[in-house]
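These are my notebook entries on a structure that I have not examined before. I set down each item that I looked up, in the order in which I took it.

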Amino acid sequence: MMCAVIQTYHLGLIGWPVEHSLSPVMHKAALQAAGLNGDYSLFPIAPLPAGEAELFRLVDRMKHGDLTGLNVTIPHKQTVCAFLDNLTPAARTIGAVNTVFLNSNGQLWGDNTDWSGFRQDLANQYEGQSGLVQILGAGGAARAIVYSLMMDGWQINISSRRPDQAKQLAAEFSSAHHPVSAFPVEQFSLLPDVTLIVNTTPAGMSPDIHSSPWPVDLPFPRRAFIYDLIYNPAETRLMSVARSAGLTAVNGLGMLAGQAARAFEIWTGHSIPIDVFQQAACERISL
């Protein structure tokens, strides 16, 4: 957490693309609620290797105090780790970073607040007990979700369009006391005990709103609760099809607000209610 007295907070988001991000409106609302001066900028940086030099320059700006804090999104959540001095225990275990901050010794640290944002929102939305979960995707976001669900004792299966990536992620997190499996969704989804499906892929995200990570004509498990990390659009194709099948489906807006609130606290030391972030995001989506 930042210790030095800061007059103006210069915050921002690294990603590709970033133009549809709700982070600016959320953090500007938080700055206003906290009575702090500051701004929040978008930094579109192409995937590596094309964006490597630009990513280095941006991180270097933060080391020199030009920037106070950075969020990180697709596709840099894992690659940014190599540019940092250290990682928090959660970020190190997850292997992905979504929040970068400068400590009092001038070191750049990477943290991950996605897992706690998801965990808190799932607890608010899902009334059932921990059971069998199907995770769609095996990227940086999936890593945070696996970490979060393991803390609450879920039995986890990972499916991805790249089976090798799913198997690698499962192997990294699996242990003798808590095995994690990796099977194609077509095999695993037919198990009657699946009670939670979490989409961590960008399939269905604006502007590609007609796509879905769920295979066409594949039935959903009868008791599954659908959690889609996507929040724009508010109802994804996955959610729409699941609701048509009589299932409950929610988007990732609550997770987005939760991870943002924690990141803001890390940067500023101010704890702002999640409702401030969520209301600002909802107002922007409704425009």
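Predicted model: local features only at pLDDT ≥ 70, side-chain atom pairs only at ≥ 80, totals over all residues.

**Entry 1**

With which strand does E4 pair, and in which sense? I found that E4 pairs with strand E6 (residues 108–111) in the parallel sense, over two bridges.

**Entry 2: the parallel sheet**

I turned to another open sheet of six strands, whose order is E9-E8-E7-E10-E11-E12 and whose pairing is parallel. Here the edge strands are strand E9 (180–182) and strand E12 (249–250), each of which pairs on one side only.

I followed the pairings from E7 towards E9. Strand E7 (residues 132–136) pairs with E8 in the parallel sense over five bridges, and Leu136 has Ser159 in E8 as its bridge partner. E8 in turn pairs with E9 in the parallel sense over three bridges. For Ile158, the bridge partner in E9 is Ala182.

How many residues of strand E8 (residues 155–159) are buried? I counted this strand as mostly covered, with four of its five residues buried. I also looked up helix H6 (residues 163–173), which lies across E8 and E9 and runs at about 170° to E9.

**Entry 3: strand E11**

I then examined strand E11 (residues 225–228). Are its faces covered or open? Both faces are covered: Phe225 and Tyr227 are buried on one side, and Ile226 and Asp228 are buried on the other. I noted here that, in general, the side chains of a regular strand alternate between the two faces of the sheet.

E11 has pairings with E10 and with E12. Strand E10 (residues 194–199) pairs with E11 in the parallel sense over four bridges, while E11 and E12 pair in the parallel sense over two bridges.

I looked up Arg143, which is placed in helix H5 (residues 140–151). Why does Arg143 count as buried? Its relative accessible area is 8%, and the cut-off for buried is under 20%. Beyond residues up to four places away in sequence, Arg143 touches Gln78, Ile94, Gly95, Leu169, Glu172 and Phe173.

Ser148 has its place in helix H5 as well. It is buried, with a relative accessible area of 1%. Not counting residues up to four places away in sequence, Ser148 touches Trp115, Phe118 and Arg119.

Ala280 lies in helix H10 (residues 274–286). I recorded Ala280 as buried because its relative accessibility is 10%. Leaving aside neighbours within four places in sequence, Ala280 is in contact with Val25, Met26 and Ala29. I also looked up Ala280 against Ala249: their C-alpha atoms are separated by 22 Å, with the two residues 31 apart along the chain.

**Entry 4: the second largest pocket**

Which residues line the second largest pocket? The lining consists of His210, Ser211, Ser212, Trp214, Pro215, Val216, Asp217, Leu218, Phe220, Arg237, Leu238 and Val241. By class, I recorded seven nonpolar, three polar and two charged residues in this lining. The space in the second largest pocket is about 200 Å³.

Methods
Residues numbered from 1 in each chain as written. Heavy atoms only, no water. 1 Å grid on protein atoms, 1.4 Å probe; cavity = no way out; pocket = protein on both sides within 12 Å on 5 of 7 lines; lining within 4 Å. Points joined across faces, edges and corners; volume = space filled by probe spheres on them. Nonpolar A, V, L, I, M, F, W, Y, C, P; charged D, E, K, R; others polar. Pairing = 2+ DSSP bridges. Buried < 20%, exposed > 50% of the residue type's maximum accessible area, 1.4 Å probe, protein only. Contact = heavy atoms within 4.5 Å. Axes fitted to C-alpha atoms, helices over the stretch in contact; angles between N-to-C directions.
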